[in-house]
2 protein chains.
Amino acid sequence: MSTLPASLQILIDQLSRFPGVGKKSAQRLAFFILKNPRDDAVAMAKAIIDVKDRISECSQCHNISEDDPCDICSDLKRDHSTICIVQESMDVLAIEKTGRYRGLYHVLGGVLSPLNGIGPNDLNIDDLMPRLDGIKEVIFAINPTRDGETTLLYLLKLIKNKGINVSRIAQGLPMGIDIEFADELTLTHAIEGRTQL
Amino acid sequence: MSTLPASLQILIDQLSRFPGVGKKSAQRLAFFILKNPRDDAVAMAKAIIDVKDRISECSQCHNISEDDPCDICSDLKRDHSTICIVQESMDVLAIEKTGRYRGLYHVLGGVLSPLNGIGPNDLNIDDLMPRLDGIKEVIFAINPTRDGETTLLYLLKLIKNKGINVSRIAQGLPMGIDIEFADELTLTHAIEGRTQL
């Protein structure tokens, strides 16, 4: 039985490290690279390295950025008296896409997770505190998971005596769902958070 | 609304060129690269380039290989009087995995497809003919699609007067399928190709 060329096997192994990419998909991706022009492969390889070399964290909000401070923190037209606390940079991206938030962000870099040994010192919490001076509103946009709730409660305790208006983004029915298929907890949040018409 | 760092956007665009990888998945893959150490990114970029630099086609069977002739064509323990004709290198890989075939291969590099403007000159057919001298058996392992059938019939006409034993791999029920859910054509092939017990 013949085996794969060594360099192809290495590429398949590399690609199957991607989240959600199994052995079979990695093989399909590798053959795609193999079939396409060398220039395309060079462009992809360059993009992979460039992203590591050019992007780092904003020293203020910890969002990913090619500049420091990032273009959000340095944008004087944004509302610098509001901070939205999120887990990851991808969450910033998602919220920015709505175009409905004009304040600043603070990226925690994860959530507290005692079971996984992730404590407050593993997150960007220390430098959140000095940022809160002069802030009028803090909005939590943390995933509604158990660890997310733990993190929210932990931060709430640190923030609550600072006279800042604190909120969390609404929980309820997502668009397009049938109420009969909504899980109990979602429905509970939807009922408790009902809005006056 | 803040946009993505340029280098990240480029990487997402590059990754979404992969077959079956949409914008959303490409974004997840890009963030994976961003979160992991630079060494990992370098290893992946290197693997992408290496595969293009080290792998080429075997000049005899057109299978992908780091050597020419490939390790199958140059393996004297294999049966050099049998050739299995396949569409792509991935098919060689799949058949090799069964461990049940010990002959040589010939990779066409596709199938005839008049609608897509792919004719005999676009496939590795010309240099198949000289290879058939002294061959005892030709096995077709071409996908049972319309274009596949066209290709098979075309090649059959070229081969048939050479006194070579020609066969195609069996069509019938795949493992694990319920007969009630099998499509008509598959079931037709299964009935017509029934084997004596």
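My entries below go from the interface to the cysteines and then the rings.

**Entry: the model.** I noted at the start that this is a predicted model.

**Entry: the interface.** I looked up who takes part, and the contact involves 56 residues from chain A and 56 residues from chain B. The size of an interface is often given as the accessible area lost when the parts come together. For chain A and chain B I found about 5,400 Å² buried, with carbon and sulfur atoms giving 69% of that area.

Entry: I found six salt bridges across the interface of chain A and chain B. I then picked out A:Asp53 and B:Arg38, whose side chains form a salt bridge at 2.6 Å, N to O. On the side of chain A that touches chain B, helix 3 of chain A gives the most, with 15 residues. I also wrote down 14 residue pairs in polar contact between the two chains.

**Entry: cysteines.** A:Cys84 is buried, at 2% relative accessible area. In chain B, the sulfur of B:Cys61 lies 3.7 Å from that of B:Cys70, which is too far for a bond, because a disulfide needs the sulfurs within 2.5 Å. B:Cys61 is buried too, at 1% relative accessibility.

**Entry: rings.** I counted four aromatic pairs over all chains. In one of them, the rings of B:Tyr101 and B:Tyr105 have centres 5.1 Å apart and planes at 65°, so I logged the pair as edge-to-face. B:Tyr101 is buried at 12% relative accessible area, and B:Tyr105 is buried at 1%.

Terms used. Residues numbered from 1 in each chain as written. Chains lettered and ligands numbered in written order. Predicted model: local features only at pLDDT ≥ 70, side-chain atom pairs only at ≥ 80, totals over all residues. Heavy atoms only, no water. Buried < 20%, exposed > 50% of the residue type's maximum accessible area, 1.4 Å probe, protein only. Phe/Tyr/Trp six-rings, centres within 6.5 Å; stacked < 30°, edge-to-face > 60°. Contact = heavy atoms within 4.5 Å. Buried area = accessible area lost by both parts, 1.4 Å probe. Salt bridge = Lys/Arg side-chain N within 4 Å of Asp/Glu carboxyl O. Polar contact = N/O pair within 3.5 Å; in protein donor to acceptor, adjacent residues only side chain to side chain. Helix = DSSP H or I, 4+ residues; strand = E, 2+ residues; numbered from the N terminus.
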